[in-house]
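Please read it with the model open beside you.

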Amino acid sequence: MKVVLPDNSELELPDGASALDAARAIGPKLAEQAVLARVDGRPQDLRLPLADGDHIQLLTTRDTQDPDALYVLRHSSAHLLAEAVRRLYPGVKVAIGPPIENGFYYDFDFPEPIREEDLERIEAEVRRELAEGRSWTREEISREQARDRFLAEEEPYKVELVDTAEGDISLYTQGDFTDLCRGPHLQDSKPIKAFKLTGLAGAYWRGDSSKPQLTRIYGTAFYSQADLDAHLHQLEEARRRDHRRLGVELDLFHLDDISPGSPFWHPKGQVIWNELEALRKRENAKRGWLEVQTPLIYDQRLWELSGHWEKYREHMFLIPEPDRTFSIKPMNCPGHMWLYNSRLHSYRDLPLRYAEAAPLHRNELAGTLHGLTRVRKVTQDDGHCFCTRDQIEDEIFACLDHAMFLYDLFGLGARFELSTRPENRLGTDEEWDFTEGALKAALERRGLAYEINEGDGAFYGPKIDLHMEDALGRAWQVGTIQLDYGQPQRLGCTYMSAENTEETPYLIHRALFGSFERFIGILTEHFAGDFPFWLAPVQVRVLPVGESHGDASLTLAGRLQDAGYRAEVGEPNETIGKRIRDAELEKIPVTIVYGDKESDESLAVRLRGGEQLTLGLVDLLTKLATL
RNA sequence: GCCGGAGUAGCUCAGCUGGUAGAGCAAACGCCUUGUAAGCGUUAGGCCGAGGGUUCGAGUCCCUCCUCCGGCUCCA
């Protein structure tokens with residue numbers, strides 16, 4: 001048989017030859033360094049037989065940054081971890097251990113809980129394995145054999161995996177550890193040049209909170225120590241950008257025991273909030289969204305009608321009164337529909353777009369709160385568009401366009417996910433075909449790539465989620481665009497059609513920042529606190545060299561304020577060096593030192609980062625306008 | 001909510017096997033009047049997360065709760 005190499009040359013091999021055989025045919029060095037094959041673009045274990053005509057590529061220990069090469073390295077590292085843990089902790093049950101984005105984990109069921117300190121011991125054991133060297137062998141056996149084998153080893157999780165596995169069962173063995181595993185794996189442990197355990201956490205078996213909780217050990221591995229160092233450095237950088245840290249350092253906000261999950265916004269943080277709010281209003285006005293204001297608390301009856309009472313009550317803050325129970329709103333939609341229903345509507349009114357950035361309260365589980373990115377007081381840049389079936393695609397398109405305008409403004413990259421019909425749903429298949437089709441068409445018309453989350457839509461309609469990643473590489477949902485026919489029906493929203501029939505409008509729920517809280521958190525990390533000039537809480541600080549320069553400095557700051565900038569004068573009670581340093585640490589974009597040498601004709605301007613300019617006042621104003 | 005870890009001054013942290021609570025930065029005050037990333041001195045600052053227990057004595061040991069951190073689940 002023949003296989004095709006990356007340079008399109010053909011290699012003649014005996015039938016049933018593996019990628020490793022192919023490597024040997026090319027050269028012994030390659031065979032030694034090979035870690036993984038890519039066959040027709042898909043990663044495949046070196047030991048598996050190739051088929052005639054396969055396009056193969058051999059990844060080696062030199063492909064240190066290739067995601068597939070790292071995956072196989074880390075997958076094998078996870079098996080080494082499991083081997084070490086089984087040796088050190090007799091009676092432990094092993095669950096699963098896959099590679100992940102920046103490393104790997106392995107889930108165990110320990111007879112006794114272990115602690116962070118134990119990681120050192122485990123890591124040492126893995127190092128011992130690495131020093132000894134391990135090689136992996138692969139075997140394929142029947143399901144029954146696999147079942148018997150793991151039953152004999154008293155590995156109930158493996159037995160369960162065998163029972164639910166599809167296709168043939170493959171096993172990988174290294175040292176005295178055999179794992180049920182699809183692979184692929186390394187030939188041996190030599191390529192693992194850096195190994196580190198990074199953390200310990202609880203995780204439910206199969207991600208299901210009703211199943212037993214296992215202990216997950218996280219780790220990472222690289223093809224070189226330098227790569228591990230670079231990775232650790234990146235983690236350090238992420239910590240430096242952490243919005244929870246920067247929020248306190250830059251005096252933007254703080255969180256307090258007295259109201260968990262609800263930030264206190266300090267004056268400087270509120271400046272950023274206000275700028276985003278102004279942006280929100282400006283763009284909404286341009287795009288035909290009408291600002292409204294609806295109540296914060298509603299009678300239980302409304303939530304019963306909307307379905308929240310049934311589906312969402314555990315997340316709602318209730319206010320029991322003697323004669324009736326109120327709830328603080330966790331979402332704006334019911335209020336907006338109630339507003340819509342306050343009068344009769346004609347098809348001529350549609351699309352009708354209501355916008356409101358009201359504070360919402362959601363009683364999130366205590367363990368899920370996280371800085372600004374997961375809070376209990378949520379302020380969405382919310383909008384609800386009532387429209388006809390024919391208007392859906394254009395309206396979704398407009399929302400996507402609006403979202404991209406905002407994200408581009410900040411240089412943020414977004415990822416789009418289309419969630420389609422779930423198992424439990426309202427509406428006919430024809431209906432879902434149509435609405436999913438409309439969302440797809442809008443995404444494609446706007447030229448946006450998207451992934452599809454099959455079955456992840458809400459029970460009342462499909463949705464498009466917009467994700468961004470924070471400095472630690474965690475993906476956060478920011479915006480969401482959801483199509484809804486069920487709630488308008490439940491609340492009895494109607495309009496009169498051109499044919500004089502009563503129809504139910506479709507409702508598009510839409511938030512583009514997502515929430516101000518989370519969005520500001522992400523922006524803080526994205527910019528590492530160096531907010532763009534228009535968002536900077538203090539834009540210009542004038543530093544008088546001595547007390548005699550105070551009046552001139554005040555005059556200058558006043559002129560800048562008149563021109564619309566947030567300018568202030570610093571106290572002259574420290575050395576200039578110290579005050580420059582403070583301004584840098586506060587990340588103020590423009591600092592002006594004002595002393596004997598300065599005048600309206602000649603100002604000593606320092607930009608954030610250290611660049612210095614000498615500008616007259618007129619040129620300074622021109623310059624500020626470009627920042 | 002679940003698993004693991006942690007809560008000491010505004011911030012970052014020290015405080016061993018129980019014996020009257022400490023540093024740096026920040027702050028206030030004073031001196032210096034400063035020229036592009038830290039001038040000098042003085043002072044003040046703590047119910048050691050909350051409640052209970054063990055003990056002659058608890059920041060330190062035990063229990064419960066709260067909050068925070070890393071995850072799981074959930075989610076904007």
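1. Helix H18 (576-585) gives the most to the surface near RNA strand B, with seven residues. Near here means that a heavy atom of the residue lies within 4 Å of the strand. Other elements that give two or more residues are strands S12 (194-204), S13, S22, S26 (475-484), S29 (506-515) and S33 (603-607). Helices (H or I, at least four residues) and strands (E, at least two) are DSSP runs, numbered from the N terminus.

2. A word on the basis. This is a predicted model, in which local features need pLDDT of at least 70 and side-chain atom pairs count only at pLDDT 80 or more, while totals for chains, interfaces and linings use all residues; side-chain values use heavy atoms, with hydrogens and water left out. Residues are numbered from 1 along each chain as its sequence is written, and chains are lettered from A and ligands numbered from 1 in the order in which they are written.

3. Which residues come nearest to RNA strand B? Of the 56 around it, they are Tyr204, Gln213, Gln477, Pro572 and Glu598. The residues of this surface divide into 20 nonpolar, 18 polar and 18 charged. In this count Ala, Val, Leu, Ile, Met, Phe, Trp, Tyr, Cys and Pro are nonpolar, Asp, Glu, Lys and Arg are charged, and the others, Gly among them, are polar.

4. Now the RNA side. Of the atoms of RNA strand B within 4 Å of the protein, 47% belong to sugar or phosphate and the rest to bases. Tyr204 has a side-chain N or O atom 2.5 Å from a base nitrogen of RNA strand B. Arg518 places a polar side-chain atom 3.4 Å from a base oxygen of RNA strand B. These are polar contacts (N or O atoms within 3.5 Å; within protein, one must be able to donate a hydrogen and the other to accept it, and residues adjacent in sequence count only if both atoms are side-chain atoms).

5. The chain as a whole. Chain A has 19 helices and 34 strands. Its C-alpha atoms fill a box of roughly 85 × 75 × 60 Å, taken along the principal axes. Of its 627 residues, 51% are buried. Buried means under 20% relative accessible area, exposed over 50%, and partly exposed in between (1.4 Å probe, protein chains only). Among contacts (heavy atoms within 4.5 Å) between residues at least 6 apart in sequence, 69% join residues at least 24 apart.

6. Salt bridges deserve a look. The count comes to 61, with a side-chain nitrogen of Lys or Arg within 4 Å of a carboxyl oxygen of Asp or Glu as the rule. One joins Asp107 and Arg216, with the closest N and O atoms 2.7 Å apart. This pair links distant parts of the chain: Asp107 is in strand S8 (residues 103-109) and Arg216 in strand S13 (residues 213-222), 109 residues apart. Asp107 is buried at 2% relative accessible area, and Arg216 is buried at 15%.

7. Another pair sits within one helix. Glu283 and Lys286 form a salt bridge at 2.8 Å, N to O. Both lie in helix H9 (residues 267-286), three residues apart, about one turn. Are the two partners buried or exposed? Glu283 is buried at 2%, whereas Lys286 is exposed at 63%.

8. A network is also present. Salt bridges that share partners join Glu83, Arg87, Glu125, Arg128, Glu129, Glu132, Arg134 and Asp176. Among them, Glu129 lies in helix H4 (residues 118-132) and is buried at 0% relative accessibility. Beyond its neighbours within four places in sequence, Glu129 is in contact with Leu80, Glu83, Ala84, Arg87 and Arg134. A polar atom of the Glu129 side chain lies 3.1 Å from the backbone nitrogen of Ala84.

9. Last, helix H1 (residues 19-26). Ala19, Leu20, Ala22 and Ala23 are buried there. Seen down the axis, the buried residues of H1 fall within an arc of 155°, so they line one face of the helix. The arc is that of the directions from the helix axis to the C-beta atoms. These buried residues pack against strand S2 (10-12), helix H2 (28-33), strand S3 (34-39) and strand S5 (56-60). At the start of H1, a side-chain oxygen of Ser18 reaches to within 3.3 Å of the backbone nitrogen of Leu20.
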